[in-house]
Amino acid sequence: MAGSGARAFRKRCHEALDGGSPQDGASRIVHRGIVALILVSVMAVILESVPSMAARFGPLFQGIEFVAALVFTVEYVARLWAAVEHPLLRPLPAWRARLNYAVQPVLLVDLLAVLPFYLALVGPADFQVLLIFRLIRFFKLGRYSPGMRSLLEAIRAERRALLACLVILGGLMIVTAALMHVVEGTAQPHKFGSIPDAMYWSIITLTTVGYGDVHPVTNGGKVLAGFTAVLGLVMLSLPVGIIATSFAEVIHRRDFVVTWNMVARVPLFATLNAGEIATIMRFLRSRVLEGGEVLVRRDEPSVAMFFIASGAVEIEMPGHRLRMETGQFFGEAALFSEAHRTGTVRALEATHLLALDRDDFRMLMEQDAEIARSINKAIRSQRMLNPVEPGGDIARAELHEKKPP
């Protein structure tokens, strides 16, 4: 029993730290608490570098550092301890699973976030170089930011193209520096007397920074400088375009998978194949609500069904209320029933919805006979099992919480 309890607690730790869903309250609290502590500790390190602030609030900064180091240490140890519950590491022996997990980049960042604190305890009292490395904690935010993870994924996917851009930039720097050495070397030997000296001017010009501390004075040098500046604009646009395109693809792919999973869970679409579900997804329209905003009111005509891409809504029914969150859906009966809403739907927070309009859905049914046959079959089955209440578009089955599997 004791071993079973320890395993259950370890699994719960893993879920709270790494595997928690958006609906997991403990996971949300842990993640938000760690993010807040990261921001506070990084801000404390920055302010501590100001002598007047350090003199006035030194004890406060030390207290923040101590709490942050303690919490991040507990987090690091707990992650290592619970690593054996990770689905990909579960088949491995415990020591091997933890070793594999410890060398992952995110865990190395976690280690570097606390290491300077302990090295400062055993090292010199004024070990400022190590303390500055506390700013590495900022990169812990990457674990909790989907946007940062998507950006890193985009950079990783295009690493070869970005490396090629870097090689080309290096080649241009050498060539333009050599040419400027030849053109300006005699006129300004102290600035362009050698290729290494000219390389400083070259990289500053190619990156369009242009400090102005080193610049050509001859006509030939000015022409070459203008040509180099134009090349710099081209070179900067290449990696920016590559990363932007890859980032957009990553976001689109992630949104597609999430949306596909939501659509596939709707009973009406359960018998459709992947291509048919993707066809339906093309008809989805985005709708954003602020917290407290009403989406539909009771007794209004029902014209669409809705998927909750993010956020939460509350359906107010006579005598009770139902909360629905990310990944859930409601109103599917509106696609085939010209009735009225049986409840008022209000956003509980900032909410992103995807709407499937009845007219678009019917047009799709008319255009694609296979989809029409599959959905009509599902409709007949659903009506037999869960008849829609007269005058409403929300079936009893629809009021049950439809949690993601």
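Q: Is S246 buried or exposed?
A: S246 is buried, because its relative accessibility is 3% and the cut-off for buried is under 20%.

Q: And what does S246 touch, leaving aside neighbours within four places in sequence?
A: S246 is in contact with A154, A157 and E158.

Q: How far can I trust the model in general?
A: The chain has a mean pLDDT of 80, with 86% of its residues at 70 or more. Residues 383-405 are another matter: pLDDT stays under 50 there. The model still has 52 contacts beyond four places in sequence for that stretch.

Q: What should I do with a low-pLDDT part?
A: Where pLDDT is low, the predicted coordinates should not be read in detail.

Q: Switching topic: which residues touch the most other members in the largest nonpolar core?
A: Those are V263, F269, I280, M305, F307, L356 and I375, out of 22 residues in that core. Elements that each supply at least two residues to this core include α11, α12 (274-281), β3 and β8 (351-357). Helices α13 (358-367) and α14 (369-385) each do that too.

Q: What does β4 pair with?
A: One partner is β5 (residues 320-325), joined to β4 by 6 bridges and running antiparallel. Within that pair, I315 stands opposite L322. Strand β7 (residues 344-347) also pairs with β4 in the antiparallel sense, over 4 bridges. There, E314 has R346 as its bridge partner.

Q: What about the turn between β4 and β5?
A: That hairpin has 2 residues between the strands, and G319 takes a positive phi near 95 degrees in it.

Q: Which non-glycine residues have a positive phi?
A: T208 is one of them, with phi near 60 degrees. D299 is another, at about 80 degrees.

Q: Why flag them?
A: Most residues other than glycine have a negative phi.

Q: Where do those two sit?
A: T208 is in the loop between α10 (195-206) and α11. D299 is in the loop between β2 (294-296) and β3 (304-310). T208 counts as partly exposed because its relative accessibility is 41%, while D299 counts as exposed at 52%.

Q: Last one: where is the kink in α5?
A: There's a kink of about 30 degrees at L115, shortly before the proline P116.

Q: How does the end-to-end span of α5 come out?
A: It agrees with expectation. Helix α5 has 18 residues (105-122), so at 1.5 Å a residue it should span 26 Å, and its end C-alpha atoms are 26 Å apart.

Q: Which residues of α5 are buried?
A: L107, D110, A113, V114, P116 and F117.

Terms used. Residues are numbered from 1 along each chain as its sequence is written. This is a predicted model: local features need pLDDT of at least 70, side-chain atom pairs count only at pLDDT 80 or more; totals for chains, interfaces and linings use all residues. Side-chain values use heavy atoms; hydrogens and water are left out. Buried means under 20% relative accessible area, exposed over 50%, partly exposed in between (1.4 Å probe, protein chains only). Contact means heavy atoms within 4.5 Å. pLDDT is the predictor's confidence in each residue, from 0 to 100. A nonpolar core is a set of buried Ala, Val, Leu, Ile, Met, Phe, Trp, Tyr and Cys residues joined through side-chain atoms within 4.5 Å. Two strands pair if DSSP finds at least two bridges between them. The expected span of a helix is 1.5 Å times one less than its number of residues. The bend at a residue is the angle between axes fitted to the seven residues ending there and the seven starting there.
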